[in-house]
Amino acid sequence: MTAIAQEAARRRTFAVISHPDAGKSTMTEALALHASAITEAGAVHGKAGRRGVTSDWMDMEKARGISITSAALRFEYRGHMFNLVDTPGHADFSEDTYRVLAAVDCAVMLLDAAKGMEPQTLKLFEVCRHRRIPVITFINKWDRPGREALELLDEIEERTGLRPTPITWPIGTGGFFHGVIDRIADQAVRYTRTPGGATKAIETELTPEQALAEIGQDWERAAEEVDLLTEIGADHDQKAFEAHESTPVLFGAALSNFGVGRLLDAMVDIAPSPAPRPDVEGDPRPLEEPFSGLVFKVQANMDPSHRDRIAFVRVCSGRFERGMVLTHAATGRPFATKYAQSVFGQERATIDEAFPGDVVGLVNATALRPGDTLYEGRPVEFPKIPSFAPEHFWTARVRDSSRSKQFRKGIEQMEGEGVVQVLRSEIRGDQSPVLAAVGPMQFDVVKHRLAGEFNTEIVMDRLDFSIARLTDAESAPILARQRGVEVFTRTLDGALLALFTDEWRMRGVLRDHPNLTLNALLADTRS
Ligand code: G4P
């Protein structure tokens, strides 16, 4: 094995995803704490009222107590290098979440034990299926009264079509959550709470005799359920997991660090390491080839004192060395990487080398856009990241017309970063573009950032559209004549989008004009 293949084999690049409030921030802290990347819980994600404010770099983020940015946390565990790519926690920022998922090899899905599958959970499972990302499911908050474990498994199977294969099984529940049966090691593990969960939970491995004597009935019941799982064949199957047919399931409580070590072990043992990434032609670029990387996120203004712009790049092949000059596939221009950093929240460290699976932050990346490829040596271009159908549409105009130039620049930047899509039409003119996003909070971000970074106040008005479909030049004039429909050009790629007030209206138009071109917007038209 070459040195690069060896480095790649010990990488685990993953994201923790969940419906808001299932415990993603708590789990991120717990994982980092377990792997000793940080010394105290609370130092990763500064939610309102928590100790650390490491990732709260925007005023707005602080005020709302939510995390808007995405970056990567690196830590070592059992000789493996973990890259935990952070996803925004709010339901509204799902577009960013989709982009982050283009950069990972595996996802950890958190479910709240009392709530099971929630709307965002389902959407995320769907995106993982679409991108064929293997998913490990962690049922969190098992220290609180919740639902039956077997019932939750049924629900996962019914709603996602994935076969759940528990690799740990809980002993007791709620206040009587004693520990888990590790089905791989065939071993009972008892957890002992430490005050506040700020340090690792104490784990004691028990023989069946000890478990029976010390835990009693709850252990007996768990052991019976585990027998049942074995009988029905709910065992881990590596091939099925990697083919996105099954999902290994673990139980725990991130808040008290219960089950977090087992999750990390599962990541080492079964999560896939970086594999050769297919290019636009579908040919995988071997890991040993010279450097190539995918820009999956661009963020400006992470540091208010330097108003810079940073592009997050996932290394796909080769060795990255700071200072190397790469080629930007979209323009063919050279790109210097003098300022390469690993970034998590405000913590930045200069990064000198990186391998497949790692995430590098490139500063001063004005030319780079999400979905772009950078490479050295043999040219390569990776497929664009699919952009999801916007569901919210607002017009924006400048309050003071003397700021028009800054307004245009600001909107262009928001578009380049992928904060919003920008739509224009002849009828509406250039003064008042329509901004489109998956979640409405993106418009607050635009308003806030134009005021803060471009010193430009804008006025925004909501438009009564909720559905966007791709159309073509032939259908566009017919659509434009219909009531409740407007046709726009997306400035980023020139795609024609027809906006409808609602599903009912769209169906009515299609009934009258069955030959119209109206395609769902799941895939990006640029690719
Ligand atoms: P999110 O990032 O997915 O939105 O969730 P977050 O970690 O902020 O967790 C949401 C709430 O659930 C928090 O409580 C958190 O303490 C709690 N929580 C997370 N994991 C567990 C767990 O394993 N067990 C229990 N019992 N609770 C858990 P909060 O009161 O909303 O916030 P905070 O004041 O505790 O920060």
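Trainee: In which helix do arginine 221 and glutamate 225 lie?
Mentor: In this predicted model, both residues lie in helix H8, which covers residues 217-231. They are four residues apart, about one turn of the helix.

Trainee: What do arginine 221 and glutamate 225 form?
Mentor: They form a salt bridge, and their closest N and O atoms are 3.4 Å apart. Side chains of opposite charge can pair when their charged atoms come close.

Trainee: Is glutamate 225 buried or exposed?
Mentor: Glutamate 225 is buried, because its relative accessible area is 14%, and the limit for buried is under 20%. Arginine 221 is partly exposed, at 45%.

Trainee: Which residue does arginine 449 meet in a salt bridge?
Mentor: Its side chain meets that of glutamate 417, at 2.9 Å from N to O. This pair links distant parts of the chain: arginine 449 is in helix H12 and glutamate 417 is in helix H11, 32 residues apart. Arginine 449 counts as buried at 2% relative accessibility, and glutamate 417 is buried at 3%.

Trainee: How many salt bridges does the count come to?
Mentor: The count comes to 31. Some residues are linked in a network of salt bridges, namely Glu7, Arg10, Arg11, Arg74, Glu76 and Asp358.

Trainee: A change of topic: where is threonine 13 found?
Mentor: Threonine 13 is found in strand E1, residues 11-18. This residue is buried, with a relative accessible area of 1%.

Trainee: Which backbone oxygen lies 2.6 Å from a polar atom of its side chain?
Mentor: That is the backbone oxygen of glycine 357. Threonine 13 also touches other residues, including Asn83, Val85 and Asp358.

Notes
Residues are numbered from 1 along each chain as its sequence is written. This is a predicted model: local features need pLDDT of at least 70, side-chain atom pairs count only at pLDDT 80 or more; totals for chains, interfaces and linings use all residues. Side-chain values use heavy atoms; hydrogens and water are left out. Helices (H or I, at least four residues) and strands (E, at least two) are DSSP runs, numbered from the N terminus. Buried means under 20% relative accessible area, exposed over 50%, partly exposed in between (1.4 Å probe, protein chains only). A polar contact is a pair of N or O atoms within 3.5 Å; within protein, one must be able to donate a hydrogen and the other to accept it, and residues adjacent in sequence count only if both atoms are side-chain atoms. Contact means heavy atoms within 4.5 Å. A salt bridge is a side-chain nitrogen of Lys or Arg within 4 Å of a carboxyl oxygen of Asp or Glu. Lists of a residue's contacts leave out its neighbours within four places in sequence.
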